[in-house]
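Please look at the sequence and the structure below.

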Amino acid sequence: MTNQNGRNFTWLNREGRWEGAFLDGLEIGPGGELRLRAVPLVDGVPAPEIAALPAPDGPAGIAVDRDGSVYFSDPQGNRVLRIDGCDRAIASVPCLGGLKTPRGLLLEPQRGALFIVESGAGEIRAVRAATGQSLEIWQPFATPWMLAEDDAGNVYVVDYGNRSVQQFNALGELQASFWKTLAAAKVLTQPSDVATGQDRVFIADRASHSIAVVDRNGNPLAQFGAGQLQQPMGMAVVGNVLYVGDNGRRRLLAFDAMSGNYIGEAARYQGPVAALAPDGAGGLLVHTGSALAPVRLLLDRGYVKQGVFWTAAIEAPPDASAGKVVWHRLEAVLDAFADALPPDTHLQFFLYTSNNAADAPAPPVLDAGGAMPFTDKKWRAQPPDVNDVYIGGAATLYIWVGAWLSGGGDATPSIEQIRVDFDHQTYLANLPAIYQKPGACQDFLLRLLSLFESFNSENEAAIGRLPSLFDPQAAPVDYLPWLAGWLALRLEEGWDEATARRAIAQAFRRYAQRGTAVGLRNALKEDAGVDAVIQEPILHAAWWSLPVPQGTGCNGAGGGETVWQAGENSVLGYTTMLAPAQPQGAVVGASAVLDQSHLLAETDFGAPLFEDVAFQFSVQVYRGQLNCAAAEDRVRTVIESEKPAHTIYHLCVLEPRMRVGFQARVGIDTIVGGPPAGIRLGETPELGVGTALGGQPAGRIGAQLQLGVTTLVG
């Protein structure tokens, strides 16, 4: 493992893969974190009498129906019990009188059939699960114990009395070649249980205390568990995990179904195991072999009690001085949602440095009793439950990192990342030169300074992250009002986080456009959600004045004709308007009116020409965008906050009527046909809106429509 970032530190977890690391008893969680292997955990508190139950003399059966109903056999009581999927009531399956030592159970939901292994009768009986009505009987067997079905519909039956495992196809026909092939391999002595999964058949052997793995043709694939199992009984495959009960240890063990590697024990379960079955709802049911209800365990809710992690040699970067570095600090980032390790969990790191890659320390070895796994004296143990340690020592080329995680089964330490610093610029550089001279106490001084540095690391990191607080996309949510305050921006209460961040990001740009028609239009769109048309009448104002002669041409220029100035834009009533007042204000004898005139300074010449249109604008919004009174109030609020203080505005709400240039869509906001409404005395009608001046009434389709008589075209 080499440094890949070109800086004075390296990460051990890259993209959640922990490359170059070795795990035993640990796993990589869904978020890339390193944690203890997950195992089942007892759901609630088991019945106290379970701990006193004896080990079963043989297996029992358990099966789960689609509706959640659970069937389990009671070999001693010669009956099959059912737990109702709705009210969880326990009762015997009816019409099953005369059962002789029922053990294994198999439920086929498609047929609604329940297969019962009658060990005492040497046969397998198939009945209706709901009624107990008999369907068929398979026989003869010597002493059948268990049965299991694979995805192809093949059924495997353990005949304990004949020391064999028989295969039946989906039609119930015996496939003798399966046992013939398996027997020839001589991997089984006393088969006692069977389970299927991952296209494999798992067979427990009571004599060798192990699990044999074979394919569907009976060819052996692997064998494992001899070092962990004492009295295996009860098996189930869930995903990639094989669960096996051990009545010698009175525990439930988990193995990797593909590799056979031992995972660990189920948390908090201690008692006999006669059968196992997944309940289809994230749980695993443990049948104790008695008439007591099965114990439910929650899959992947518990954890093994210990696990270890260690790395291959981590090499100094190639650009290091003389190829060596001073390894400074190891910092482990724990669970981001926890301030400390969970209760009853522990974490300890181990380090080793060397200049020789072949001088690697011996890997740790887990001990079932919980003894120290890092037994090689090369490993340098760090203080327990400390996730930030000083490394120190002479400059070397390689470093090895190890960790020991442990817990009580209910929780696990979680390591999200490990960072190793080297050639770090410590606080020593800030001290007088006399403290920087090599000496016997320098390592102690570095450790002491590093301790103080770790105290300030969070504050220094916060200072380093200050620029992010001024980034509207990166700042924490709690800082958004503070950041908006820098821009004099008020965040509305109804804004969500995305809207607030967008408003802050656009505030500077909007300030540059504030007080303009473009800025007001954008503000109405972003803050009020309306598309407005803004008009300034002064932009279209032009006053009529007579053209004046510019001069008379001579010497052939203009042929002696008079040349007029600005004569092309003086058509009264079309391109011009009459001025509302004299441009110079009050003129004695001309425009001066008592109490209605005022004198103007020379600099204000022409101001009266603009008094009725200056500093005024209109905002036109369609009624369809103002669907409630609050929407109109919001529009007015935006206009008041964005317009120049000296201006006057008029909010015009365009009703759904025909307005040439604004809204004239026939059949939507314009209606053709029908006579105009009459004008009545005492009312105040608006000419052109619902009224008309003279003319023929409009034609109506389907009523009084005679082309050329009652209706005119054009």
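## Helix 5

The buried residues of helix 5 are Thr499, Ala500, Arg501, Ala503, Ile504, Ala507 and Arg510; buried means under 20% relative accessible area, exposed over 50% and partly exposed in between, with a 1.4 Å probe and protein chains only. Helix 5 covers residues 497-513, which makes 17 residues. From its first C-alpha to its last it reaches 24 Å, close to the 24 Å expected at 1.5 Å a residue; the expected span is 1.5 Å times one less than the number of residues. At Ala507, helix 5 bends by about 50°, where the bend is the angle between axes fitted to the seven residues ending at a residue and the seven starting there.

Helices (H or I, at least four residues) and strands (E, at least two) are DSSP runs, numbered from the N terminus.

## Basis of the model

This is a predicted model, in which local features need pLDDT of at least 70 and side-chain atom pairs count only at pLDDT 80 or more, while totals for chains, interfaces and linings use all residues. Residues are numbered from 1 along each chain as its sequence is written, and side-chain values use heavy atoms, with hydrogens and water left out.

Four strands form an open sheet in the order 10-11-12-13, with antiparallel pairing; two strands pair if DSSP finds at least two bridges between them. Strand 10 (102-108) and strand 13 (134-138) are the edge strands, and each pairs on one side only. On average, neighbouring strands of this sheet are turned by 20° against each other, direction ignored. For such angles, axes are lines fitted to C-alpha atoms, for helices over the stretch in contact, and angles run from 0 to 180 degrees between N-to-C directions.

Five bridges pair strand 10 with strand 11 (residues 113-118) in the antiparallel sense, and Leu105 has Ile116 in strand 11 as its bridge partner. Strand 12 (residues 123-128) is joined to strand 13 by four bridges. Here Val127 has Ser134 as its bridge partner. Strand 12 and strand 13 form a hairpin with five residues between them, and Gly132 in the turn has a positive phi of about 80°.

Strand 8 (residues 79-83) pairs with strand 9 over three bridges. Leu81 stands opposite Ser92 in strand 9.

## Aromatic contacts

How many aromatic pairs does a search of the whole structure find? There are 20 aromatic pairs; rings of Phe, Tyr and Trp (its six-membered ring) pair if their centres lie within 6.5 Å, and planes under 30 degrees apart count as stacked, over 60 as edge-to-face and the rest as tilted. Phe22 and Trp310 form a stacked pair, at 5.6 Å centre to centre and 20° between the planes. Phe22 lies in strand 2 and Trp310 in strand 28, so the pair ties together parts that are 288 residues apart in sequence. Phe22 is partly exposed at 40% relative accessibility, whereas Trp310 is buried at 14%.

Phe374 and Trp379 form an edge-to-face pair, at 5.2 Å centre to centre and 85° between the planes. Phe374 is buried, with a relative accessible area of 6%, and Trp379 is buried with 7%. One aromatic cluster is formed by Phe115, Trp138, Phe141 and Phe168.
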